[in-house]
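This report describes a single protein chain for a reader who works with its coordinates.

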Amino acid sequence: MDSLGDGNHTAVTEFILVGLTHDPVLRVFLFIIILCIYLVTICGNLCTILLIRVSTQLHHPMYFFLSHLAFADMIFSSSVTPNMLVNFLVDKNRISYHGCGIQLDTVFFFGPVECFLLAAMAYDRFVAICNPLLYSTKMSTQVCVQLLIVAYTCSCFNASSYTASFFALVFCGRNTVNHFFCDFAPLREVACSEDSVLILLSTFTSGSVLVFTVIVIAVSYIYILITILKMRSTEGRHKAFSTCTSHLTAVALFYGTVMFIYMMPKSSYSTDQNKVISVFYMVVIPMLNPLIYSLRNNEIKGALKRQVGRKMFP
């Protein structure tokens with residue numbers, strides 16, 4: 001049963017997710033591609049976490065945040081991808097009302113966690129390059145844990161605002177969501193009534209997270225650029241900038257996609273376009289992050305070679 005009578009309304013107990021496409025051939029093709037991406041995501045991020053744990057040379061603040069970023073990527077992708085894969089194999093992909101709320105809560109929790117972690121990593125690079133003598137003090141274990149607590153606490157508040165907004169939505173029988181997961185905008189489209197105060201609160205919290213973290217990253221890199229340009233040694237400039245390239249690439253991919261999705265004018269909003277971008281944001285980027293940091297970071301490549309060498313030649 002997908003609905004229950006309640007006076008003049010019909011209380012929805014489950015939703016039907018439309019998915020990406022109805023073409024049977026394309027569904028099989030996408031299933032294989034996205035399954036491979038998901039397996040690489042899980043393996044890549046797990047390996048990143050384990051490598052950072054076992055390699056003492058990676059026990060630094062930057063890699064502390066990177067290990068949590070890898071964990072967030074895994075959960076973020078896992079909250080959506082398995083359900084999307086099921087969608088390719090069935091005619092109608094159903095998700096319960098409470099299951100939809102849990103999925104929404106997970107997405108709007110780990111999405112902001114990634115924002116805060118990327119901001120913390122930018123601040124780490126700022127301190128390392130601009131104030132190297134104070135690095136051990138300003139990026140102590142205590143400071144890193146405090147930054148992590150702030151990230152998870154603020155993300156929890158953001159997720160709670162969206163969860164409250166979701167459960168305040170009133171659905172009058174329509175339960176077909178034009179997306180591959182329970183995103184908030186498509187859910188509002190099928191709702192017949194909503195709490196405008198909670199909607200405003202959730203919009204404010206997510207907007208605040210985005211603006212605050214973008215400012216932290218932008219200011220950090222402005223100071224980093226100024227410091228690098230003041231360096232007399234070309235080798236020193238190259239070395240300083242090389243420590244930032246992996247992070248800059250991850251930031252550009254993540255924030256570029258997020259801003260395109262959530263700052264697109266409603267006049268040019270297209271659900272199908274949003275679906276494609278969301279696949280990149282929620283499925284592809286979590287796979288790319290461990291590849292970016294492993295291929296473009298000499299310390300991780302060195303640690304990986306040492307660990308592989310120990311296993312092969314104990």
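## Aromatic contacts

F15, Y97, F166, F167 and F171 form one aromatic cluster. Rings of Phe, Tyr and Trp (its six-membered ring) are taken as a pair if their centres lie within 6.5 Å, with planes under 30 degrees apart called stacked, over 60 edge-to-face and the rest tilted. The model is predicted, so local features need pLDDT of at least 70 and side-chain atom pairs count only at pLDDT 80 or more, while totals for chains, interfaces and linings use all residues. Residues are numbered from 1 along each chain as its sequence is written, and side-chain values use heavy atoms, with hydrogens and water left out.

By the ring rule there are 21 aromatic pairs. The rings of F108 and Y162 have centres 3.9 Å apart and planes at 15°, so this pair is stacked. F108 belongs to helix 4 and Y162 to helix 6 (residues 141-168), so the pair ties together parts that are 54 residues apart in sequence. F108 is buried at a relative accessible area of 7%, and Y162 is buried with a value of 7%. Here buried means under 20% relative accessible area, exposed means over 50%, and partly exposed lies in between (1.4 Å probe, protein chains only).

## Overall architecture

The secondary structure of the protein chain comprises 12 helices and 5 strands. Helices (H or I, at least four residues) and strands (E, at least two) are DSSP runs numbered from the N terminus. Of the 314 residues of the protein chain, 46% count as buried. A contact requires heavy atoms within 4.5 Å. Among contacts in the protein chain between residues at least 6 apart in sequence, 76% join residues at least 24 apart. The protein chain exposes about 15900 Å², of which carbon and sulfur atoms supply 68%; accessible areas come from the Shrake-Rupley method with a 1.4 Å probe, and for residues only the protein chains shown count as cover.

How many of the 34 residues of helix 4 are buried? The number is 28, and helix 4 is thus described as mostly covered. The expected span of a helix is 1.5 Å times one less than its number of residues.

Helix 6 has 28 residues and reaches 41 Å from its first C-alpha to its last, close to the 40 Å expected. Its buried residues include C144, L148, A151, S155, N158, A159, Y162 and F166. An α-helix has 3.6 residues a turn, so residues three or four places apart point the same way. The cover over the buried residues of helix 6 includes strand 3, helix 2 (61-78), helix 4, helix 7 and helix 8.

## Salt bridges

A search of the whole structure finds 3 salt bridges, each defined as a side-chain nitrogen of Lys or Arg within 4 Å of a carboxyl oxygen of Asp or Glu.

| Pair | N to O distance |
|---|---|
| R94 and E14 | 2.9 Å |
| D124 and R125 | 2.8 Å |
| E194 and R188 | 2.8 Å |

R94 and E14 meet in a salt bridge. This pair links distant parts of the chain, with R94 in strand 4 (residues 93-96) and E14 in strand 3 (residues 14-17), 80 residues apart. R94 is partly exposed at 43%, whereas E14 is buried at 15%. Both D124 and R125 are buried. E194 is partly exposed at 34% relative accessibility, and R188 is partly exposed at 31%.

V211, I215, V219 and Y223 form a nonpolar surface patch with about 370 Å² of accessible area together. Patches are made of residues with over 30% relative accessible area and no salt bridge, with like charges joined within 9 Å and nonpolar side chains (Val, Leu, Ile, Met, Phe, Trp, Tyr) within 5 Å. I215 is found in helix 8 (residues 196-230) and is partly exposed at 47%. V197 is also placed in helix 8 and is exposed at 61%.

H179 lies in the loop between strand 5 (176-177) and helix 7 (184-190). H179 is buried, with a relative accessible area of 0%. Not counting residues up to four places away in sequence, H179 touches L17, V18, G19, P186, N274, K275 and S278.
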